[in-house]
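This briefing is intended to be read alongside the sequence and the 3D structure. Points are grouped by topic, chain by chain.

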Amino acid sequence: MNAGPPGAVPPGLPPGLPAAAARLQFRDPARARALGEALHRAVDRAVDRTGQPVTVMHVCGSHEQAIARYGLRASFPQALEVIMGPGCPVCVTDVPEVDEAVAMARQGLTVATYGDMLRVPGSGPSLGDVRGEGAPVEVVYSVADALALARHQEVVFFASGFETTAVATAAALLDDPPPGFQVLSAHKYIPPVMEIIAEMPGRRVQGFLAAGHAATITGSGVFEAFCARHRLPVVVAGFEPLDILAALVALVEQVARGSAEVDNRFPRCVSRQGNLRAQEILWRVFRPVGGRWRGIAHVPNGNLRLRDAFAHRDARRQHPVDPASLCQGAPSALAARCVCGNIMAGIAAPTDCPLFGGACTPDEPVGACMVSMEGTCRIWQQYGGQVRLGREPPLLPDPTGRTA
Amino acid sequence: MSLDVCPLPARGPSDRIRLREGAGGQAMRELIQDLFLARAVHVRPDEVGPRDMDDGAAIRLGDGFLVMTTDAHVIQPAIFPGGDIGRLSICGTVNDLAVMGATDILGLTVAVVLEEGFSRADLERIWSSLQDAAEEAGAPVLTGDTKVMRRGELDGIVITTSGVGLARRVVRSRGLHAGDQLIVSGTVGDHGLAVLAARAGLGLEGALLSDVAPVRALVAAALEAGGEGIVAMKDPTRGGLAGALSEMIGGSNLGVLLDEASVPLSEPVRAAAELLGIDPLIVANEGKVVFAVRPEATAAVLAALRAQPLGTRAAVIGTATVERPGWVVLDTGFGRRLVVEPEGEPLPRIC
C-alpha cells in the first residue's frame, strides 16, 4: 500500500481537509475489500504449500482492538487464524510486582499508576482495594502527571508498558525530575517474549505481526536476527484497518513462499534503525533482566529494570519489600479455572475459557486479560465475544454504488 | 516449559448495591426485576405498566391513554457544555413521555434536593434554564418540592421530575417486526462525550456540546407523517444507541443489523471518541429518538424529521432481522461485529 505521508490530501479531494483525508486513506472500505481479496488469495496459496490452515500472531493490544473494533475477523478467510499473544503490558505484569506496589502504598508511600493497573490483584488485594482502605494511590494518564504530583511530595511511579512507554519513563528520569520522584519499574521488552513463543513445543504460529508503535522506537531491524534464527517472518504493522490488512497480506504471502524476512508495512512511522535517540535514552536508564511474565513464563531479558546510576530513583532499592512475605496463599477455585496464561501465550481463545463472560467480566475480572483495555478477554467482551460472524452482503444499499 | 494458570483471586458476589446497578444495562434490569417488580401491579393488556419496563406507564383514559413517567437526575458536573441539570431534568421526562406517544403534555412536577452550601447563583441559573426548557417543550411545571441536606450527605444537587401527558396511541419501545427500518433523529454520542470531555479537562469543550433538548415536537411531526407505520420509539439515553437497540429487540426473536457508515456523528464527537477510545454508539444522548418504522413509512418519517430543527441529520441506520436474534450486529464496512450493551459503569452520573 502506498499510503503517502500522513495528513497528505489524496488527489481529487479539496484542500484543507487533512483529517478527513487521512480517514479516507486508511479507513476506506473499498480498499479494504481489495486487500481482503488479496488476503484470500494469499491464504489459498499458503494452504496449498503447507497443507494446513495459516496461523499468525500479533503481540499488541492495539492490534486486537482494531481487529475487533472494525470486525475484521468476519472478513478473514476461514483458513486464517490471527491470534493475540502477550501484547498487554498490564496483563503480563507479574503478581510480585503488583504486591510490591501494594506494599509500598500500604507503607504510606504515594503510588501513582495507570488506571488499568488499579484493578489488577496481586496475590492479595489490588492497588484499587488498598486505595479503598485509605492507602495513597493516584491514577495518572502519563509520566508527566506523576512528575507533577512529585513536585509536592514523594511519589513512586509504578510504571508499566512496553518499550514505547518505557522511553517516556526514561526521558523523565534524565530530565532532572523533582527530588521525590521514584520509579517502580514493571516495564517489559517485547522482542525476548517472541523468542519464547517461537520456541514453544507444538507451536502453530507461522509468522508475527509486530507492533508499529514499538517498532517506531526499536526499528524494524530489531527482528532480523529473530527471523533468521527461527525461520519465521515478521511484518511491522500500523493500527488502522488498512494497515493491518496490508500487513496480513504481506505476512501470509511470506508463509505461502516459505520465506522468513522482516517486512516493514508501517513505513510512514517506522524505519529500519528506529529512533536512535529514544533507544539511547532507553538503554542509558534501563537494563534488560530476566523475569516472570504473568501467566506465561520466565522471559530472559524480558523485564526492564533501572541501571545502578539510577539507584536513588529506584523505589525497589529505596523501599525494599520481600514479595514472598506478601503472598496470600493459593489461588481460589475460580482462578484455578482461568486460562489467561494460555490465552496470552496464544494457545487458547477467550471463548475456550469456561469463565469468559459469565463468572469473569470486566466488572468482576478473574484473570488479568479481562482487566486491561488491552487484554484479549476484555476486548472480546467489549465487542461481543463471538468473532466468527458470517460474510453476509452489505446491509444497506451503497449510495455511491461501490458495493462489490 | 510449563504454562501456569493466571493466579488471580476471584471475588464473590456483592451484597451491596454497585454502581452498575444504576447504569441502565443488564445489572440494573436484574435489580428492577428481582426487587422492584416482585410485587408490582398488573395492568390491562392494552396498557403499559411497571412490568413492561418501558419509558413510562400508560393507562386507559376515555378513548386515549394517560401516560406518566418519572426521572431522577444526578449529573456531574451539574453545569456542562451545552446545558445543565435544569434543562436535562425537563428533557429527561418530556422525552420519555414523547417516545411513549404522549406529545400532548399536561404538566410536570419538579423536586429539587440540594446540598448545604450549594451556590445560589448556580441554582438561579439552573432554575432559569429549567423554566426555559419547560417553555420550549410546551410542558408546564405545575408543582414541586424542595429539600436541603447537610454538607456531605449529597453531592451538590439532585432534581427529580415527573410528568403526565395524553396519547391517542401508545407507542412502545418494543413492537418491531422483521424488515422494519431503524431511524435515528440525528447525531449520536454528543451528550456523553461532552460531559466526559469536560470532566477529563481535555480542552475540547468548545467544540463538544451536549445535545440535551426536548424532542416532543420532533416526535409529534414523525407521528403525524408516519402514523401507525411507526411501530416503536425509544430515546437512546444511558447505554446510548447500542443500549436502546438492545432494549428494542429485548425479549423478541429479532436482531438488528446496524450500518456504521450511516450512523450520524458530528466531527467533534468523532474526534473525541477516537482520542478517548470510547465507542460513540454506547454513550448517552439527551435529545435524540430511535424510531422503528414499517418500510413503506420510512420516506415520509425521514422527510418529516429532516424538516424539524432537531432532525436535520436524521438517517436510516439499520433494519430489524431474524438473523442473530437478540443481537445488534454492526457492519463496519470492513467486516461485522457484535455491538454489546455497555455493562459496568464506564461513565457514571451522566444524566
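**Briefing on chains A and B**

Chain A comprises 18 helices and 11 strands. The model is a predicted one. Chain B, by comparison of its own elements, holds eight helices and 14 strands.

**Chain A: burial and contacts**

- Chain A has 404 residues, of which 51% count as buried.
- For contacts in chain A between residues at least 6 apart in sequence, 74% connect residues at least 24 apart.

**Chain A: the five-stranded sheet**

- Five strands of chain A form an open sheet with parallel pairing, in the order β2-β1-β7-β8-β9.
- Its edges are β2 (80–84) and β9 (262–264) of chain A, each of which pairs on one side only.
- Ignoring direction, neighbouring strands of this sheet are turned against each other by 25° on average.
- Within the sheet, β1 (residues 54–58) and β7 (residues 208–211) of chain A are joined in the parallel sense by two bridges.
- H58(A) has L209(A) as its bridge partner in β7(A).
- Helix α12 (residues 241–257) of chain A packs on the sheet and touches β1, β2, β7, β8 (234–237) and β9 of chain A.
- The direction of α12(A) makes about 170° with that of β8(A).

**Chain B: overall dimensions**

- The radius of gyration of chain B is 20 Å, which agrees with the value near 20 Å that a compact globule would have with 351 residues.
- Along the principal axes, the C-alpha atoms of chain B fill a box of roughly 65 × 60 × 45 Å.
- Of the 351 residues in chain B, 53% count as buried.
- Among chain B contacts between residues at least 6 apart in sequence, 83% link residues at least 24 apart.

- Chain B is divided into domain 1, covering 54–167, and domain 2, covering 181–339.
- A distance of 23 Å separates the C-alpha centres of domain 1 and domain 2 of chain B.
- The contact between them draws on 23 residues from domain 1 of chain B and 21 residues from domain 2 of chain B.
- On the side of domain 1 of chain B that touches domain 2 of chain B, α2 (85–98) and α3 (120–137) of chain B each supply at least two residues.
- The largest share of that side, eight residues, is provided by α2(B).
- By residue class, that side of domain 1 of chain B divides into 13 nonpolar, six polar and four charged residues.

- Strand β10 (residues 255–259) of chain B pairs with β13(B) in the parallel sense over four bridges.
- Strand β14 (residues 336–339) of chain B runs antiparallel to β13(B), and four bridges join the two.
- D331(B) of β13(B) stands opposite D259(B), and the bridge partner of D331(B) in β14(B) is R336(B).
- β13(B) and β14(B) form a hairpin with four residues between them.
- In the turn of this hairpin, G333(B) has a positive phi of about 90°.

Methods: Residues are numbered from 1 along each chain as its sequence is written. Chains are lettered from A and ligands numbered from 1 in the order in which they are written. This is a predicted model: local features need pLDDT of at least 70, side-chain atom pairs count only at pLDDT 80 or more; totals for chains, interfaces and linings use all residues. Domain bounds come from an automatic or database domain assignment. Two residues are in contact if their C-beta atoms, placed from the backbone, lie within 7 Å. Ala, Val, Leu, Ile, Met, Phe, Trp, Tyr, Cys and Pro count as nonpolar, Asp, Glu, Lys and Arg as charged, and the others, Gly among them, as polar. Two strands pair if DSSP finds at least two bridges between them. The radius of gyration is taken over C-alpha atoms; the globule rule is 2.2 Å times the number of residues to the power 0.38. A residue is buried if 20 or more other C-beta atoms lie within 10 Å of its own, exposed if 12 or fewer, and partly exposed in between; C-beta atoms are placed from the backbone. Axes are lines fitted to C-alpha atoms, for helices over the stretch in contact, and angles run from 0 to 180 degrees between N-to-C directions.
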